[in-house]
Amino acid sequence: MPETAATADTRTPSGRLALAASTEKIALGPLDGRYQPAVAPLVDYLSEAALNRDRVAVEVEWLIHLTSNNVLPGAGPLTAEQQQQLRAVVTEFDAASVSELAEIEAVTVHDVKAVEYYIGRRLPAIGIENLTAMVHFGCTSEDINNLSYALGVKGAVEDVWLPAARALVAQISTMAEDNRAVPMLSRTHGQPATPTTLGKELAVIAHRLARQLDRIAKTEYLGKINGATGTYAAHVASVPGADWQQVSKSFVEGLGLTWNPLTTQIESHDWQAELYADVARFNRILHNVCTDIWSYISIGYFAQIPVAGATGSSTMPHKVNPIRFENAEANLEISSGLLDVLGSTLVTSRWQRDLTDSSSQRNIGVAFGHSLLAISNVAKGLERLDVAEDVLAGDLDTNWEVLGEAIQMVMRAEAIAGVEGMENPYERLKDLTRGNRVDAARMQEFVQGLGLSADAEARLLALTPGKYTGIADQLVDHLK
C-alpha cells in the first residue's frame, strides 16, 4: 500500500508508527498508565488541573476577603448570593474549565494570568463586573501559587496519603498482635542470635512507621500573600490606610494554613522540605520492611498464598514470586529520590526569586504517587502471607547454641551470689558454641556439669531456644 499524506506524518524518524499520534492518549509514565488506579485519588490534589482549581479557589477567596473586610474603598461586601456564585466557580470547575484555561494560557503564555482572566470572564454573570480589577489585586503569581500548592499538598497528605499509610501501619500492628507469641530466631549480622517473637519484630516496624506518621500529621503548611518582593509595596501605594499585614494573616489562616510573615517574592518552602524529609524517612523504613519480609519469604518463614490464575514465572510454573514487595522497593526508592531533590531544591532561591521551584513543584504528585503505589503494594503483599510456624520452630531447634548467652549470664549472676566455680563464663561458653552446632543433649549436659545452684540449673534445663524470648510478647503492648 503506497504511503499517503495522511499516514506519512504518523511515523517516527526511524520509521516506526508514532504512538503519540494515536487518537487515544497514551501515558508516558507508569503512574498515568498501568498504575493509574492505585494513585488516582492524588489527581484531585496534585495534578496540573487540581493546581489550577486551587488557584481559582485562592483568587476567589481573596476577592471575597477583600470585599468582606472593606479593604478597598468603594468595594464593600458582596451579597451572600454573590459569594455563593463566586465559590461555585471553584466547585463547578470541570474538564471544560481545564480546556478553557488552556486556551487562555495559550494566549497569555502565563498560567496564573490565565486564571485571573478565567475568573474575570465570570464576573458579569454574577453582577460584579465592576470588581474585575480586584481579581488578583496586589498579588504576584507566587502569592497565588504558594497558597495553591500548600492547599493541594495538605489535602493530598491528609485526605489520601496519610489514611493509606495509617491503614498499612494498622495492618502491620494487627499482624504483630496475632503473632506476638510466635518464637523466631533472630539474625544479627545474618547469624543466629538471641530469639525473639515474630510479633515483637513486626511491632518494631509498626512503631517506627507510626512515629513518622505522627511527625507528618503535625506538619505546618505555610503560606504568604505579600506582593512582588514580600514588602506589601503595591498594597500600601494603592491603599495606604489598610492594615495589610492583618489582611494577609487573616486570609492565609482562613485558608487553614499557617501565615509566614517574612518572605522574599516566594514563600520559602522550608515546610515542604521538612515534610518531604519525613515522608522520605517513612519510605525508607518501609523499604527496610520490604527487604526483611522478602528475606523471610526466601528462608521459608512466610509462605505466599498464590493468586488464582497468576503466573510467577514465564518458564518456572512452581514459582510464587514476592513481586509486591519488590515493586514497592523500587517505587519507594524513586519516591525518596524525588523527595530528596525537592527538599534540597525548594529551600534555595537566587536573591528574591528564581523559577527553579516552579519546575520542581510540578513533580510533587509524582513523588507522592510512587510512595502511595508502594504502600498499596506492601498492603496487598502482606495480605497474601501465611506464617510458617513449623519452619520457625525448626530453625530454632537447630540453633541451641543461642542459649550460650543465657547460660553465661546465669553463671555471672551465680558468681555474684557466691556460688563457686563460675569463673570465665563467657570464655567457657565461647569454647562450647562459637562456630559449633550444639544440640539439646549437649547443651543440657554442659549445664549439668557447671555446678550451678539447684534453682539456676532447673531454669536453664527447662529453657529451649523457642522459650528464650524474654518478654518479647509483652513488648507488643506498646503499640496500644
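Start by selecting Arg-353 and Asp-357: their side chains meet in a salt bridge, with 2.5 Å from N to O. A salt bridge here is a side-chain nitrogen of Lys or Arg within 4 Å of a carboxyl oxygen of Asp or Glu. Keep in mind that this is a predicted model, where local features need pLDDT of at least 70 and side-chain atom pairs count only at pLDDT 80 or more, while totals for chains, interfaces and linings use all residues. Residues are numbered from 1 along each chain as its sequence is written, and side-chain values use heavy atoms, with hydrogens and water left out.

Is Asp-357 buried or exposed? Asp-357 is buried, at 2% relative accessibility, whereas Arg-353 is partly exposed at 23%. (Buried means under 20% relative accessible area, exposed means over 50%, and partly exposed is in between, using a 1.4 Å probe and protein chains only.)

Helices (H or I, at least four residues) and strands (E, at least two) are DSSP runs, numbered from the N terminus. Glu-142 is buried, with 2% relative accessibility.

Next, pick Arg-284 and Asp-340, whose side chains meet in a salt bridge at 2.5 Å, N to O. Arg-284 belongs to helix 13 (residues 270-298) and Asp-340 to helix 14, 56 residues apart. Arg-284 is partly exposed at 41%, and Asp-340 is partly exposed at 35%.

How many salt bridges are there by this rule? The count comes to 24.

Now for the nonpolar side chains. In soluble globular proteins, nonpolar side chains tend to be buried together. A nonpolar core is a set of buried Ala, Val, Leu, Ile, Met, Phe, Trp, Tyr and Cys residues joined through side-chain atoms within 4.5 Å. Select Trp-161, Trp-244, Leu-275 and Phe-368: in the largest core, with its 108 residues, these touch the most other members. Helix 9 gives the most to this core, with 16 residues. Where does the core lie? Both domain 1 (43-140) and domain 2 (146-218 + 233-306 + 319-388) give residues to it, so the core lies between them; the domain bounds come from an automatic or database domain assignment.

Zoom in on Trp-244. Setting aside residues up to four places away in sequence, Trp-244 touches several residues, including Trp-62, Phe-137 and Tyr-232. Contact means heavy atoms within 4.5 Å.

There is also a second, separate core of 19 residues; Leu-403, Met-411, Leu-429 and Val-447 are among them.

For the last stop, click Leu-185, which is in strand 1 (residues 183-188). Leu-185 is buried, with a relative accessible area of 1%. Beyond its neighbours within four places in sequence, Leu-185 is in contact with residues including Pro-192, Tyr-301 and Val-402. Now show Pro-465 as well: Leu-185 and Pro-465 are 280 residues apart along the chain, and their C-alpha atoms are separated by 7.9 Å.
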